[in-house]
There are 2 protein chains.
Amino acid sequence: MAESDFTMQDEMRRAFAMLSGKWKLEIMWLLHQRVYRFGELRKAIPGITQHMLSAQLRELEADGLVSRTVFAEVPPRVEYEMTQKALGLGPTMAALTVWWEEYGKTIPPRPSTRGRKAEAQSGQKGRSSEAR
Amino acid sequence: MAESDFTMQDEMRRAFAMLSGKWKLEIMWLLHQRVYRFGELRKAIPGITQHMLSAQLRELEADGLVSRTVFAEVPPRVEYEMTQKALGLGPTMAALTVWWEEYGKTIPPRPSTRGRKAEAQSGQKGRSSEAR
DNA sequence: CGGTATCCAAAATGATACTG
DNA sequence: CAGTATCATTTTGGATACCG
């Protein structure tokens, strides 16, 4: 089971690229729950700008993960939702949510760049996280 | 199950931040399988540079997802592995893998950023993804 | 309301050189 | 082997203007 893993990782690379945008995980996590309008996404994602939201959505759309629906009304309404392909990400999002509920709360607010303990013993295999 | 979802999303934001680096998903996907040395990660992740690999690993370490172990040998050896907390990401990685195996292969190589056509029809609710 | 276009600042990433 | 330092390039953030 060694070599085949590398091949699989090779295949997975495109999946990582599709989800690696700075806001894509958050957008997909929201859309996996329900349909969102453009403005709703903006409000739901505090730090994001129109520019970036628009750009990330266009990329997700180009990758076939999100569909864009325009309603010719006044005022204009545009809805975003996951495509059939992306709906399969449901279990992934669910697993991620479960993980964070279990372990996330035990992770400190952000160690930031804190000093770490001393390190390594002698030549032994003793494990150490040594400092920078 | 409406209002609580928004609170949850708020909690999740830190999790997204931890995994949103350009190479973090790929790194975590690899480490969820086994322990890797620095050089092994480099070879396993074709496009990455030393600089980025080092930086992303430091961030993952700061977030408590990865542990770094230095062996005082010659030549130097450093191993990276998931922490106990991050091991809970296993189901997430597995679900992601399953998803890509099922749907990924049906997604075209990349539509790239092509111009989009005009949109929406008349005032009806008719959904239109308008062609690219 | 839901965008796109611009311009500029800041941050993230990439390339190359050098070190313990 | 496993990095760090430095500098170039690319992405992203922010503000504003403008459009259907």
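This is a predicted model: local features need pLDDT of at least 70, side-chain atom pairs count only at pLDDT 80 or more; totals for chains, interfaces and linings use all residues.

User: Why is Ala95(A) called buried?

Analyst: The relative accessible area of Ala95(A) is 12%, and buried means under 20%. The value falls below that cut-off, so Ala95(A) counts as buried.

User: Where does Ala95(A) sit, and which residues does Ala95(A) touch?

Analyst: Ala95(A) belongs to helix H6 of chain A, residues 90–103. Leaving aside residues up to four places away in sequence, Ala95(A) touches Pro91(B) and Thr92(B). A contact needs heavy atoms within 4.5 Å.

User: What makes helix H2 of chain A "mostly covered"?

Analyst: Helix H2 of chain A spans residues 24–31, and eight of its eight residues are buried. Among them are Lys24(A), Glu26(A) and Trp29(A).

User: How do you know that strand S2 of chain B is largely enclosed?

Analyst: Count the buried residues: five of the six in S2(B), residues 66–71, are buried, so the strand is largely enclosed by the rest of the structure.

User: And what makes S2(B) and S3(B) a pair?

Analyst: Pairing takes at least two bridges. Six bridges join S2(B) to S3(B), residues 77–82, so the pair meets that requirement. The two strands run antiparallel, and Val70(B) stands opposite Val78(B) in S3(B). With five residues between them, S2(B) and S3(B) form a hairpin.

User: Which residues come nearest to DNA strand D?

Analyst: There are 18 residues around DNA strand D, and Met52(A), Gly39(B), Ser54(B), Arg68(B) and Tyr80(B) come nearest. Of the atoms of DNA strand D that come within 4 Å of the protein, sugar and phosphate account for 76%.

User: What makes the approach of Tyr80(B) to DNA strand D a polar contact?

Analyst: The cut-off is a pair of N or O atoms within 3.5 Å. A polar side-chain atom of Tyr80(B) lies 2.6 Å from a phosphate oxygen of DNA strand D, so this pair passes. For Arg37(B), the partner is a sugar or linking oxygen of DNA strand D, 3.0 Å from a polar side-chain atom.

How values were computed:
Residues are numbered from 1 along each chain as its sequence is written. Chains are lettered from A and ligands numbered from 1 in the order in which they are written. Side-chain values use heavy atoms; hydrogens and water are left out. Buried means under 20% relative accessible area, exposed over 50%, partly exposed in between (1.4 Å probe, protein chains only). Helices (H or I, at least four residues) and strands (E, at least two) are DSSP runs, numbered from the N terminus. A residue is near a molecule or strand if one of its heavy atoms lies within 4 Å of it. A polar contact is a pair of N or O atoms within 3.5 Å; within protein, one must be able to donate a hydrogen and the other to accept it, and residues adjacent in sequence count only if both atoms are side-chain atoms.
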